[in-house]
Amino acid sequence: KEKVEITKEQQALMKVILDAYNRHQIPQDMAKKLLQDQYSAEENFLLLTEMATSQVQVLVEFTKNIPGFLTLDREDQIALLKGSAVEAMFLRSAQVFSRKMPNGHTEVLEERIRKSGISEEFITPMFNFYKSIGELHMMQEEQALLTTITILTPDRPYVKDQQAVERLQETILDVLRKLCVLQHPQEPQYFARLLGRLTELRTLSHYHAEMLTSWRVNDHKFTPLLCEIWDVQ
Ligand SMILES: CCOC(=O)c1ccc(NC(=O)c2c3c(nn2-c2ccccc2)CCN(S(=O)(=O)c2cccs2)C3)cc1
């Protein structure tokens, strides 16, 4: 049985990524607002827009801290950010949602999101995803590394130097694989299950694209940053 060991530099890499990942959470006031008194569908929608916008800003900051990311071609950096923004947000949302919140908060949060004007056909797969992530009881390190792997997906549209992105992604995949073996010795398939969630994420981002079209129809407004990163309006 091959002895799995995380090297010193892999430890350092993980620390950099985890610190960057933890530096930004949903601003408490926003999360509190989401949990407070009654809101109309419009106000809920506006709140989600606000939260999604701040999430994109956080994503850009986080990505800049991924070792090697800033050495990539500038245009490829943009292509990776645009290609992963929705997936990164839903991965982060699932982690926020599945975090041990004071009892009853998860239900209230679920209620707000359901009552925000998002069509039912999108709500169901979204909450299925949140629950499937929650069941994994992922460690912070695993969450941060999985988000990094999502961002460093080589086959996003318009990425020119895919090999360069692949090399970075493989480095992170190796650390996550070792971490999973060390943290879940009884569950040899755990690493594969984590990567399987990335496939579920891609499906969710296709739903998201459809959702945007339906919103545009009943003229829901998004912020300039969301329009830019989601290629809408
Ligand atoms: C500062 C760091 O920010 C974070 O860490 C952060 C994490 C998660 C989120 N998540 C969300 O905004 C969010 C959305 C949805 N749920 N959901 C959510 C929020 C909390 C818990 C669980 C899920 C559904 C629809 N989208 S949407 O972008 O398609 C949208 C629909 C309408 C207008 S925008 C947004 C935001 C910030």
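How much space lies in the largest pocket? About 750 Å³, where a volume is the space filled by probe spheres set on grid points joined across faces, edges and corners. A pocket here is found on a 1 Å grid over the protein atoms alone, as an open set of points where a 1.4 Å probe fits, with protein on both sides within 12 Å along at least five of seven lines.

Before we step inside, a word on the model. It is a predicted one, in which local features need pLDDT of at least 70 and side-chain atom pairs count only at pLDDT 80 or more, while totals for chains, interfaces and linings use all residues. Residues are numbered from 1 along each chain as its sequence is written, and side-chain values use heavy atoms, with hydrogens and water left out.

The largest pocket is lined by 39 residues (each with an atom within 4 Å of a grid point), and I26, L34, L48, M51 and S93 lie nearest its centre. Helix 3 gives the most to this lining, eight residues; helices are DSSP runs of H or I with at least four residues, numbered from the N terminus. By class, the lining has 27 nonpolar, nine polar and three charged residues. Here Ala, Val, Leu, Ile, Met, Phe, Trp, Tyr, Cys and Pro count as nonpolar, Asp, Glu, Lys and Arg as charged, and the others, Gly among them, as polar.

What takes up the space of the largest pocket? The ligand does, since a molecule sits in a pocket if more than half of its atoms lie within 2 Å of the grid points. Around the ligand are 26 residues, and Q25, T49, S93, H208 and W215 come nearest; to count, a residue needs a heavy atom within 4 Å. Helix 3 (41–64) supplies the largest share of this shell, eight residues. The shell has 19 nonpolar, six polar and one charged residues.

Look next at the polar contacts, pairs of N or O atoms within 3.5 Å. A ligand nitrogen lies 2.9 Å from an N or O atom in the side chain of S93, and a ligand nitrogen is 3.4 Å from such an atom of Y130. The side chain of H208 has an N or O atom 2.9 Å from a ligand oxygen. The protein covers 99% of the 740 Å² of accessible area that the ligand has on its own, by the Shrake-Rupley method with a 1.4 Å probe.

Finally, visit the second largest pocket, with a volume of about 610 Å³. Among its 25 lining residues, K82, G83, I229, W230 and D231 are closest to the centre. Helix 4 provides the largest share, nine residues.

Definitions and conventions: A polar contact is a pair of N or O atoms within 3.5 Å; within protein, one must be able to donate a hydrogen and the other to accept it, and residues adjacent in sequence count only if both atoms are side-chain atoms. Helices (H or I, at least four residues) and strands (E, at least two) are DSSP runs, numbered from the N terminus.
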